[in-house]
Amino acid sequence: MLDVIWLIPAFPLFGFFTLLLFGRKLGDPKAGYFAAAMVLASFVVSVGAYFDLLSMDEHDRSHVETLFSWVPVDSLQIDMAFLADPLSIVMCLFVTGIAFLIHLFAIGYMQGDEKFSKFFLYLNLFVLSMTLLVLGENLLVTFLGWEGVGTCSYFLISFWHTKDANATAGKKAFVTNRIGDWGFMLAMFLGFKAVGTVSYFGLNEAAEFGALSETTATGIALFLFIGAVGKSAQLPLYVWLPDAMAGPTPVSALIHAATMVTAGVFLMTRMNPMLAAAAPEVSTLIAWVGGITALFAATIAVAQQDIKKVLAYSTVSQLGYMFLAVGSGAFVAAIFHMVTHAFFKALLFLGSGSVIHGMHHEQDMRHMGALRKLMPVTAATFIIGWLAIAGVPPFAGFWSKDEILLFTLAKGGASATVLYVIGLVTALLTAFYMTRQVILVFFGKARWGSHANEAEAAHLVDADDGSADTAADTADAEAEALDDHQPETHGAHGEFKPHESPWIMLFPLVVLAFLSTVGGALNLPSFSFIPKDWQHKLEHWLHPVVEVGENHITDTSAYDAKGLLALLAIAVALAGIALAVAVYGKKAIKPIEPKILADGWRYDAAISAFMGGPGRKAFEAIAWFDQHIVDGAVNGTAKLVGGTGAGVRKLQTGNIRNYAGIVGIGVVLLLAWFVIGRGVL
């Protein structure tokens with residue numbers, strides 16, 4: 001399969017062109033099944049490539065498949081080539097595998113949408129771009145996919161573009177990512193200038209064997225990090241990701257779990273020898289940006305009311321964990337958490353989509369509750385996702401998150417200790433806000449009802465005992481949660497009752513719930529109760545790729561105390577869950593949801609105010625300077641030369657008598673100069 005590794009992006013490319021030409025004719029649901037089949041075919045090729053690599057010796061697990069010479073310009077020789085190695089195949093397996101499940105879910109979720117085939121056309125294009133990104137043998141092929149996922153995110157986030165919020169969110173994602181793209185391009189230019197190639201092999205070997213100065217390696221690493229910050233939504237460029245949930249829920253799942261946001265972490269891992277050759281402060285910077293982003297986003301998630309927005313901020317926070325791992329030299333842990341996060345975050349987003357589908361497009365958790373009896377499969381799978389992200393063993397998220405915390409502390413020093421504490425606090429907040437979400441959506445009293453009109457909205461049904469509560473009773477019981485919300489119609493007609501989703505939407509949930517449960521087995525730690533053959537599977541698999549930059553911690557005190565640290569991480573997760581149960585389940589503690597957290601610390605608003613005020617004036621001043629000073633100088637020079645030329649052109653009449661006259665005048669002037677000026681006579 002390694003010789004046909006190009007089929008991984010080729011299948012979704014074929015799907016894209018087919019749907020472009022015949023999508024409307026295929027219609028709903030055939031267009032969806034066709035698009036899903038193309039992604040499944042890519043997954044099958046990825047599995048074949050995995051077994052091919054597995055049969056090789058560890059240090060031979062690398063295969064480059066060159067399709068053609070793409071950019072042959074003097075010393076710049078770039079091939080359209082794909083690299084199949086342990087890292088790229090891990091990425092392909094979970095990107096195509098989870099994308100296939102998301103495609104299946106979307107067939108049910110998007111049923112009846114008038115742009116059904118166009119939606120799947122975009123999804124196939126998204127998967128094509130992501131597989132190009134991870135399979136690229138050089139930075140330029142990766143950049144092709146990098147730009148592709150950015151463009152697809154714009155198409156899909158603003159898919160329902162007639163709504164202002166969706167159109168704005170799409171543009172926001174597109175524009176914000178251009179900042180990161182600037183960093184990526186500068187890194188590419190600097191790498192080519194220093195090494196003469198943009199091939200990963202060439203750049204990483206130059207960094208590993210000292211062909212690059214520390215200053216150059218630091219510059220490349222920093223510019224790559226800027227690119228990663230934009231694509232993976234870290235501070236200060238995280239603002240586009242929470243709004244990205246404006247698109248259809250399958251898109252949210254695809255962006256947040258399997259494709260775009262993982263690109264930054266992948267890039268930093270791919271270039272880990274460059275990080276190792278850079279100044280140590282670069283890794284420290286990456287760790288701090290990741291740690292602060294993780295905590296910052298977690299504090300915002302605790303006060304969100306939209307079911308998808310809680311998950312969106314959760315994604316920003318979990319990505320922060322991954323960058324904390326990268327900055328701590330834990331590249332295996334970063335990829336491990338990326339994979340487990342893909343399992344449970346795709347599960348949670350699709351689960352929220354199932355809830356939204358069953359609730360007739362209601363997304364406000366204050367209008368939910370008690371859905372576990374009416375949506376049992378969705379509730380059961382969502383609860384598994386909750387336990388996984390909360391860090392409860394034996395679910396997948398516990399193992400990967402604990403690995404990151406261990407490496408963070410093992411790095412040593414005061415800075416590492418502070419980052420470890422930040423990681424623990426973030427873990428507590430994660431367990432808290434996810435438990436809050438589960439309680440508000442699936443437990444307690446039902447706060448939903450038909451909002452088709454005001455009269456129906458006044459009677460909310462208690463799903464616990466089947467009796468009807470008055471709006472006043474419900475308001476008393478849920479006054480704190482309902483806050484100042486006003487009922488609004490969401491398209492329900494007649495008697496409203498949430499319902500479970502069809503099998504095509506539930507099947508992906510069940511599969512992802514299974515993966516979220518057992519996914520930790522990919523890289524179990526070296527505890528005595530775990531058989532040695534089951535330990536560090538992913539670490540052994542990725543070893544040839546991350547060998548240079550990976551931090552070795554077996555001789556540290558943190559590693560010696562890993563059992564106690566794991567127990568501490570479990571205690572923190574359980575404390576977060578217990579606190580949320582006390583607040584939202586037992587109502588023993590009054591909820592604290594300050595508006596400043598609901599408003600995201602007003603970070604987004606501050607940026608908007610700046611860009612609309614001083615920033616706009618600054619841009620206008622720059623535009624005025626460019627138009628009047630720079631362009632004025634250029635245009636003035638052109639006008640001066642043009643005017644001079646026009647004046648001189650008048651002398652060029654083609655009349656011999658005129659030319660003779662001018663020559664005569666010149667002779668007279670010369671004679672005058674010699675006689676009067678030089679005193680010859």
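Strand E1 (residues 63-73) and strand E2 (residues 76-84) run antiparallel and are joined by 9 bridges. The model is a predicted one. Within this pairing, His 63 has Ala 84 in E2 as its bridge partner.

## Annotated region and domains

An unreviewed UniProt entry carries the annotation "domain: NADH-Ubiquinone oxidoreductase (complex I) chain 5 N-terminal" for residues 70-120. Over residues 70-120 the chain is 57% helix and 25% strand. The end C-alpha atoms of this stretch are 29 Å apart.

The domain assignment divides the protein into domain 1 (1-137), domain 2 (159-278), domain 3 (280-449 + 498-600) and domain 4 (614-678). Between the C-alpha centres of domain 3 and domain 4 the distance is 71 Å.

## Packing of H2 against H14

How do the axes of helix H2 (residues 86-109) and helix H14 (residues 331-358) cross, and within what distance do they come? The crossing angle is roughly 5 degrees, and the axes come within 11 Å. Angles under 35 degrees count as roughly parallel, so H2 and H14 are roughly parallel to each other.

On the H2 side, the contact residues are Leu 87, Val 90, Met 91, Phe 94, Ile 98, Ile 102, Phe 105, Gly 108 and Tyr 109. They meet residues of H14 including Ile 335, Met 338, Val 339, Phe 343, Leu 350 and His 357. Sorted by class, the contact of H2 with H14 has 16 nonpolar and 4 polar residues, with no charged ones.

## Backbone exceptions

Most peptide bonds are trans, and most residues other than glycine have a negative phi. Which residues does a cis peptide bond join, with omega about 5 degrees? They are Leu 235 and Pro 236. Pro 236 is in the loop between helix H7 (214-231) and helix H8 (240-243).

Another cis peptide bond joins Pro 393 and Pro 394, where omega is about 10 degrees. Pro 394 is placed in the loop between helix H15 (376-390) and helix H16 (396-410).

Ala 370 is not a glycine, yet has a positive phi of about 60 degrees. Ala 370 is located in the loop between H14 and H15.

Terms used: Residues are numbered from 1 along each chain as its sequence is written. This is a predicted model: local features need pLDDT of at least 70, side-chain atom pairs count only at pLDDT 80 or more; totals for chains, interfaces and linings use all residues. Side-chain values use heavy atoms; hydrogens and water are left out. Two strands pair if DSSP finds at least two bridges between them. Helices (H or I, at least four residues) and strands (E, at least two) are DSSP runs, numbered from the N terminus. UniProt positions are given in the numbering used here, feature names are shortened, and annotations may be inferred rather than shown by experiment. Domain bounds come from an automatic or database domain assignment. Axes are lines fitted to C-alpha atoms, for helices over the stretch in contact, and angles run from 0 to 180 degrees between N-to-C directions. Angles under 35 degrees count as roughly parallel, over 145 as roughly antiparallel, 65 to 115 as roughly perpendicular and the rest as oblique. Contact means heavy atoms within 4.5 Å. Ala, Val, Leu, Ile, Met, Phe, Trp, Tyr, Cys and Pro count as nonpolar, Asp, Glu, Lys and Arg as charged, and the others, Gly among them, as polar.
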